[in-house]
Amino acid sequence: MANTSANTLMWFRQDLRLSDNPALSWALEQGSVLPIYVLDESAPDKAQLGGASKWWLHHSLHTLNKSLKGKLLVIKGDASTVIRQFAKQYSVSNVVWNRLYEPWQIARDKELKQQMSEQYCVKSFNGNLLWEPMQVLKKDETPYKVFTPYYRKGCLQRSAPRYPLPSVDETSAFIQADEQVDDGEHITALNLLPEIAWDSDFYNHWTPGELGAKEGLAEFIEQAACSYKDDRNIPSIKGTSHLSPHLHFGEISPHQAWYAIIDNFDNAFDNPDLDCFLSELGWREFSHYLLFHFPTIQEENFNPKFDKFPWRKSAKDLSAWQKGKTGIPIVDAGMRELYQTGYMHNRVRMIVGSFLVKNLLLDWREGERWFWDCLLDADMPANSASWQWVAGSGADAAPYFRVFNPVLQGEKFDKEGEYVKRYCPELSKLPNKYIHKPWDAPDNILKACKIALGKDYPEPIVDLKTSRQRALDAFAQTKDSA
Ligand code: FAD
């Protein structure tokens, strides 16, 4: 039997979990709760979900719905209109959510709060960041632009993050809306899954949802946390947590990840592996912080010197990069990992990024857009800040003149070529000596390995040395024009 009223409307957004969910915990203290998720059609084009994110969301919503005993109401529409409509229809007293920090989300939420505050108690909570961006400023009240002082001084010295809240278990307090149809059908009706089945391998790598997130964190603590600092650079092994999509969709909070480290180990900050992992959570905070204080960085260069940068336009080169057919093995392996698994190792993200913006001289926004569509962890703050970091145009960025050499990077971080062989199987017979530079292999070796360059595997689409120099020359021009 459906209910017609509830005490509180809980608007789930990027907090698809029952544990450490401050808005939800508060809502349940008030009595009955109407849980709603809105696929927001009012989001700007840039924020519309990419293909991989849609896949994740589909599964994550099904999982949350199960935890809520099938009572999650999922609606597609203009989020503000939907929330106002259901608050009225179910005669709620309170409307609650956990805060989000992208510029368009802030504008939407602010306006909605203003519109509803006269009639309802509207409350927002911090469920997604260890330190909220508005709290952390330099002595002169301006925002930090460099990571280390931001994190060490602005955040760590300021206060410890709050401790995670326990999971809620009063599922009887959730009410079933009249609009609710058969179990999960309304989620499937959103059509989030791809029509062409390019997602088949995702199922082998990922378990979206709160339980998957908790198991992932536990596995990381047990198996990888204590060797994180070095292993995090080796793309052929699982040396990192793989928590990024779970964190993006809020299936686990950064507080839970943070205190899993602090509680499971003594003096975590004195241990280089653990300190390094905690500081990566700090980078996540920093990217949100930058987008909050500098809201145009998703589209515009943080450093305006790059506005006149002479980017090339080449649909052919961009397509070769996207498809993993550049002829540079570590780049191709990374781009194929991305397409097949919805993820790419961080070290390799930096290598393929550097190759795109420096060796190919293509605009970082092209890379950002492709990642947005293909990454399961696509996250506006992290993606834009990281691409600008790679391009050299960002806050605290890698200097433009530091051009990664993909061959040396491969030889250093994928010594045996295991990673390349996994994603470029056509090269798997090549001796390790040539795995990162097949063009250097003598003809008899290529023949014995049954590789015809240009046929079985591409010739490099650019010469690494000359394209590096071209990038440096372009950068020098930018400096001159500043
Ligand atoms: P771990 O090494 O286990 O780190 C733990 C968590 O810290 C991650 O889950 C993530 O939330 C956070 N984190 C780690 N490194 C960074 C970083 N450099 N910046 C911000 N947060 C970080 N990360 C995304 O979550 N979404 C993106 O869209 C994204 N795009 C990127 C684009 C480029 C060009 C580059 C170079 C990096 C990008 N990153 C992005 C950052 C980083 O590559 C991923 O967060 C990381 O690889 C995720 O794997 P993990 O969960 O195993 O990370």
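Arg13 and Asp109 form a salt bridge whose closest N and O atoms are 2.7 Å apart; a salt bridge here is a side-chain nitrogen of Lys or Arg within 4 Å of a carboxyl oxygen of Asp or Glu. Arg13 sits in the loop between β1 (8-12) and α1 (22-30), whereas Asp109 belongs to helix α4 (residues 103-116), so the pair ties together parts that are 96 residues apart in sequence. Helices (H or I, at least four residues) and strands (E, at least two) are DSSP runs, numbered from the N terminus. Arg13 and Asp109 are both buried, where buried means under 20% relative accessible area, exposed over 50%, and partly exposed in between (1.4 Å probe, protein chains only).

The model is predicted: local features need pLDDT of at least 70, side-chain atom pairs count only at pLDDT 80 or more, and totals for chains, interfaces and linings use all residues. Residues are numbered from 1 along each chain as its sequence is written, and side-chain values use heavy atoms, with hydrogens and water left out.

Arg108 takes part in a salt bridge with Asp40. Arg108 lies in helix α4 and Asp40 in strand β2 (residues 33-40), so this contact ties together parts that are 68 residues apart in sequence. Arg108 and Asp40 are both buried. Arg108 also meets Asp109 in a salt bridge. The relative accessible area is 11% for Arg108 and 6% for Asp109. Through shared partners, salt bridges join Arg13, Asp40, Arg108 and Asp109 into one network. The count by this rule comes to 16 salt bridges, including those tabulated here.

| Salt bridge | N to O distance |
|---|---|
| Arg13 and Asp109 | 2.7 Å |
| Arg108 and Asp40 | 2.7 Å |
| Arg108 and Asp109 | 3.0 Å |

Strand β2, which holds Asp40, is mostly covered, with eight of its eight residues buried. In a regular strand the side chains alternate between the two faces of the sheet. Both faces of β2 are covered: Val33, Pro35, Tyr37 and Leu39 are buried on one side, and Leu34, Ile36, Val38 and Asp40 on the other.

Strand β2 pairs with β1 in the parallel sense over five bridges; two strands pair if DSSP finds at least two bridges between them. Leu9 has Leu34 in β2 as its bridge partner. Strand β2 also runs parallel to strand β3 (residues 73-77), joined to β3 by five bridges, and Leu73 in β3 is the bridge partner of Ile36. From β2 the chain crosses through helix α2 (residues 51-67) to β3 in a right-handed β-α-β crossover, meaning that, with the strands pointing away from the viewer, the path from the first strand over the helix to the second runs clockwise.
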